[in-house]
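This report describes selected backbone features of one protein model. Please consult the sequence and the structure shown here while reading.

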Amino acid sequence: MPDAVMLFAAGFGTRMGALTADRPKPLIEVAGRPLLDHALEIARGLRPARIVANAHYRAGQIAAHLADTEVRVSHEPEAILDTGGGLRAALPLLAADPVYTLNTDAIWRGPNPLTLLHAAWDGARMEALLLCLPPEDALGHAGAGDFALGPDGQAVRGPGAVYSGAQIIATGALAEVPERVFSLNRVWDGMIARGTLYAMLYPGRWCDVGRPEGIALAEAMLAEDRDVRA
């Protein structure tokens, strides 16, 4: 089955304050490039058959930015559908199962996260495989983590690992939620109950750019790469 990647780009970006008054968060620049372009580079590294981005807040700007690319836009004009609802609405465009999803408000330093997920995926026992990080490698993120990982990678709620916003997920479980607007957290909880939610740790660093201060943190992290190459 050809691979497909969903880029989440519909959010309001309220934590960014004035920076999102005139643009959607995915078009905020880090190191001279929009966040959306950083995520798109990762998606293209997988060489997928299809890439889809959803759009709600200032959707016209997202659509215009992607107009000359291969990316198709899943519009959410009436209401923002959250991660679960947004992914389910985009399934006709993605035309794949499972699919990869990637948040667009983070910067990565290290190997391509989607190719790592691809290599580790086992559809016989997994309904989703989340890419996580130890808290010390998750810049700009506060808290003790989102998931605890068992010896075999099975994931449950609890402190330990920070979810990065990258995953592979089988789409069948999306049909279990009757509401139109819902978070993927509800789907993951069902998988935890069935023992089919798994996670793995990313062997690099990652920076959350959900707040203004994350921009400087991400640019400093990327500068470390340039310094090493120099």
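## The loop between H3 and E6

Ala95 is partly exposed, its relative accessible area being 44%. The model is a predicted one. Ala95 is placed in the loop between H3 and E6, and its phi is near 50°, a positive value in a residue other than glycine.

Pro98 also belongs to the loop between H3 and E6. The peptide bond joining Asp97 and Pro98 is cis, with omega at about 5°. For context, most residues other than glycine have a negative phi, and most peptide bonds are trans.

## A further positive phi

Ala31 lies in the loop between strand E2 (29–30) and strand E3 (33–34). Phi of Ala31 is positive, near 55°, in a residue other than glycine. Ala31 is partly exposed, with a relative accessible area of 35%.

## The sheet

Seven strands form an open sheet with mixed pairing, in the order E5-E4-E1-E6-E12-E8-E13. Strand E5 (72–75) and strand E13 (197–201) are the edge strands, each pairing on one side only. On average, neighbouring strands of this sheet are turned by 25° against each other, direction ignored.

Within the sheet, strand E1 (residues 4–8) pairs with strand E6 (residues 99–103) in the parallel sense, over four bridges. Phe8 stands opposite Asn103 in E6.

## The helix across the sheet

Helix H3 (residues 82–94) lies across E1, strand E4 (50–55), E5, E6 and strand E12 (162–169). Relative to E1, H3 runs at about 140°.

Methods: Residues are numbered from 1 along each chain as its sequence is written. This is a predicted model: local features need pLDDT of at least 70, side-chain atom pairs count only at pLDDT 80 or more; totals for chains, interfaces and linings use all residues. Side-chain values use heavy atoms; hydrogens and water are left out. Two strands pair if DSSP finds at least two bridges between them. Helices (H or I, at least four residues) and strands (E, at least two) are DSSP runs, numbered from the N terminus. Axes are lines fitted to C-alpha atoms, for helices over the stretch in contact, and angles run from 0 to 180 degrees between N-to-C directions. Contact means heavy atoms within 4.5 Å. Buried means under 20% relative accessible area, exposed over 50%, partly exposed in between (1.4 Å probe, protein chains only).
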